Amino acid sequence: MAQTTKRKSTKSTTAKTKPASEAPIVEPQPASLEGRLASVQQATLSELTQLVVKTVPAQGTNPELKYLVIEACADTQQLFLQGFDLKMGMRVCLPANVTQSGKLLVPPLQFSNLIEKMPKTAITLEAAPGTTQLRLLSAIAHSEIPAKPATHYPKLPEPDGEVELYELNAREFQRAIRAIAMCASKDESHSPHHGIQIQLWKQSDQTCFSLCAADGHILGLYQTTTPEQEVTEFDCIVRADALTKLAELLDLNVSETVAIELEKSNQAPTSIIRFRYGENTTHHCLTVRVLEGKFSNYRNILSNLREQVQTTVTVDQAQLIGCLDRHLVMVTNINTRVAKFTATPTGLETESKSSNGGHCESLSGQTSGNSLTIHLNAANLQKVLQRLNHTEAKLHLIAETSPILIATPDNASDRPSLTFLLMAVEI
């Protein structure tokens, strides 16, 4: 990651953030709308709408949250889209020709599907009398969908008090999220391990930033360092699905950096984290409530395991991925995708067996250390190798029943690194 920098601290003027269980703040709304709101390009509106609808809940205690928010601002000539489920909210912005300010709620899927299929020209949004319908007008098409005033829609929470801002390279951050998110548990009852740990800390004369996730079978750690800077350390856990949505948002090349904004308080831990992306007339944000709980010190765990490595086998990564493809044809049951791997003086011997048959394959390579056999989940190993995306695959083996380490090739200390830990399968 190119750089981790602290921009400045600001004092929030918003009301204190309320827990999800409390009644959320409701924004005051203008008088009823009628007439033309804004005109915007179909392609941009469709792309952003498809992202935001993923944060709109299908059901919940507040019926207003089931709708997509459309807000036009005449002062800034911007159109905002927003979704919020009380745990995570996304608010995006796009330039528009705004005639009248106002805010409406529309059915998210109907609006998204309709916009996607509209002609690729400018689309005009109009509020029907009484605000019971939103009209979508293009050069050759005219549609109407249900709409309602955003009278009781809750306000998106913001960090309160002293706010810390950190800037990260957007492309590197996106790649790190996509590599690490697969290691988080898919079961939300496994809190906090259905989240990703985000840390910033000082070490010697360096500033370190990391993402870490683990589900009990696989662990991933992304870490990068920069020369020491004046930063405040932080450690919080964010839902993995929220960061996955952020990675999708970063596909929009509107900025080189993404800012992490979080509240810092001596009285209470961080409860809200916000990611801001873009600038000027095109800026977006994702606001997430952090998860309670604490991760183990996985950095120390990985460091200790590295010292216990007995055997390292290096093979061509593309050949190994192809080999795993053939094994997975045989071991199709999700609970029995197990293959045997034996490090030999000439490379790697692989074998799998199931009720559907079996497969054996030899891969030439280099081995350092003694011959050693281990059983692994072939699907997990393949996913790890695809995230590393290198020409060589290095498998660091400790013992037959111990986890293995797979990492990016050794780099300079100031380069980003990816390390995965894959649990062995006991047979």
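Strands β13 (residues 195–203) and β16 pair in the antiparallel sense, over 6 bridges. Within this pair, G195 stands opposite R239 of β16. The model described here is predicted.

The two strands belong to an open sheet of 12 strands. The strand order is β16-β13-β14-β15-β27-β26-β25-β20-β23-β22-β21-β24, and the pairing is antiparallel. The edges are formed by β16 (234–239) and β24 (372–377). Each edge strand has a single partner, so one side of each is left without a neighbour in the sheet. From one strand to the next, the twist averages 25 degrees. In general, strands of a sheet pair through backbone hydrogen bonds, in a parallel or an antiparallel manner.

Helices also pack on this sheet. Helix α4 (residues 240–249) lies across β13 and β16. The helix runs at about 85 degrees to β16. Helix α5 (residues 298–307) packs on the sheet as well. Its contacts are with β13, β14 (206–214), β15 (218–227), β26 (404–407) and β27 (417–422). The direction of α5 makes about 100 degrees with that of β15.

A further helix, α7, spans residues 378–388. This helix is mostly covered, with 8 of its 11 residues buried. The buried residues are A378, A379, N380, L381, Q382, V384, L385 and L388. Just after α7, N389 adopts a positive phi of about 55 degrees.

Methods. Residues numbered from 1 in each chain as written. Predicted model: local features only at pLDDT ≥ 70, side-chain atom pairs only at ≥ 80, totals over all residues. Heavy atoms only, no water. Buried < 20%, exposed > 50% of the residue type's maximum accessible area, 1.4 Å probe, protein only. Helix = DSSP H or I, 4+ residues; strand = E, 2+ residues; numbered from the N terminus. Pairing = 2+ DSSP bridges. Axes fitted to C-alpha atoms, helices over the stretch in contact; angles between N-to-C directions. Contact = heavy atoms within 4.5 Å.
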